[in-house]
Amino acid sequence: MIIVSEIGDKTFLIAAIMAMKHSRLVVFSAAFSSLVLMSVLSAFLGHVVPNLIPKQYTDICASILFLCFGVRMFYEAYHLEKGAENEEMAEVEEELKTVEDRERSSKLEELEVGGLEATAHVPSSKAEHAKEGLMNLMQLVFSPVFVQTFVLTFLGEWGDRSQISTIALAAANNMYYVTAGVVIGHGMCTVVAVIGGRMLASKISVRTVTFAGALLFIAFGVFYGINAYHNY
């Protein structure tokens, strides 16, 4: 599930582009640790759900969720225009450039006041304020490249289809197996992204991958629907 969801996705492209400019080891460690943290949190949340809702209903919810995702992915793949993957890559590059320009501007401001005071950058939204605050906090311990990759990956994955699917899988199955599968899937995708992600993203057919993902999600939906029926 993770492979068909993440190949060519935003977090995949973030790791690919960052690895072209910075140390591959640093980028991999930052992106992978961020995804592991997200996976553990998502699986734990899914593990808590059955304690609040009977197992039968969690299977029904998981079935409906996967079927909805599958149908939506079919719709997206059918209407996906040629070159859409290049547009997403350009969007990610623009976001990374904005973050880098902001950091460069902040450093210049610190230099202008002798490193004692700096004119604070005022974020245009609460999301940007939270992102900048998290980056500043982590930069006290880690390198700027690690922090930037970690935060962008974590925020890019938050609320993503793969995160919600992880919660649903953990709610209907063993949390430890789901966590292991999700972590391995993210690890494989991150390795591919860091080694040659940009080249792969420009060569693969996002439409084909999306169709494959749609089939997989629908299969999950049918499977959990049958489980819910037998447990009724």
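This is a predicted model: local features need pLDDT of at least 70, side-chain atom pairs count only at pLDDT 80 or more; totals for chains, interfaces and linings use all residues.
Let me begin with a definition: a residue is called buried when its relative accessible area is under 20%, exposed when that area is over 50%, and partly exposed in between, with a 1.4 Å probe and with protein chains only. With that in hand, we can look at helix H4, whose buried residues are Gln56, Thr58, Asp59, Ala62, Ser63, Phe66, Phe69, Gly70, Met73 and Ala77.

Residues are numbered from 1 along each chain as its sequence is written, and side-chain values use heavy atoms, with hydrogens and water left out.

Now the overall picture. Helices and strands here are DSSP runs, where a helix is H or I with at least four residues and a strand is E with at least two, and they are numbered from the N terminus. By that rule the chain comes to 10 helices and zero strands. Of its 232 residues, 41% count as buried. I will also speak of contact, which means heavy atoms within 4.5 Å. Among contacts between residues at least 6 apart in sequence, 86% join residues at least 24 apart.

My main subject is helix H8, so let me describe that helix by itself. H8 has 12 residues and reaches 17 Å from its first C-alpha to its last, close to the 16 Å expected at 1.5 Å a residue, where the expected span is 1.5 Å times one less than the number of residues. How many of the residues of H8 are buried? The count is 10 of 12, and H8 is therefore described as mostly covered. The buried ones include Gln163, Ile167 and Leu169.

Ser165 is buried, with a relative accessible area of 0%, and, leaving aside neighbours within four places in sequence, Ser165 is in contact with Met1, Phe66, Phe69 and Phe217. Ser162 is also in H8 and is buried, with a relative accessible area of 1%. With neighbours within four places again left aside, the contacts of Ser162 are Met1, Ile2, Ser5, Glu6 and Glu157.

Next, the packing of helices. Two packed helices are described by the angle between their axes and the distance between the axes. The axes are lines fitted to C-alpha atoms, for helices over the stretch in contact, and the angles run from 0 to 180 degrees between N-to-C directions.

Take H4 first, which covers residues 55-78 and packs with H8 at an angle of about 150 degrees, with the axes 9 Å apart. That makes H4 roughly antiparallel to H8, since angles under 35 degrees count as roughly parallel, over 145 as roughly antiparallel, 65 to 115 as roughly perpendicular and the rest as oblique. The crossing of H4 and H8 is left-handed, which is the name used if the near helix is turned anticlockwise from the far one by less than a right angle, whereas clockwise gives right-handed. The contact between them involves, among others, Ala62, Phe66 and Phe69 of H4 and Ser165 and Ala168 of H8. By class, this contact has 10 nonpolar, two polar and four charged residues, where Ala, Val, Leu, Ile, Met, Phe, Trp, Tyr, Cys and Pro count as nonpolar, Asp, Glu, Lys and Arg as charged, and the others, Gly among them, as polar.

The C-alpha atoms of Ala62 and Ala228 are 166 residues apart along the chain and separated by 9.6 Å. The buried residues of H4 as a group pack against H3, H8 and helix H10 (206-230).

Then comes H3, residues 24-52, whose axis comes within 7 Å of that of H8 (residues 161-172), with a crossing of roughly 40 degrees. H3 and H8 are therefore oblique to each other, and their crossing is right-handed. Among the residues that meet are Ser42, Leu45 and Gly46 in H3 and Gln163, Thr166 and Ile167 in H8. The residues of this contact divide into eight nonpolar, six polar and no charged.

Finally, what is the exposure of Val40 in H3? Val40 is partly exposed, with a relative accessible area of 42%. Val40 and Val183 are 143 residues apart in sequence and 8.5 Å apart in space, C-alpha to C-alpha.
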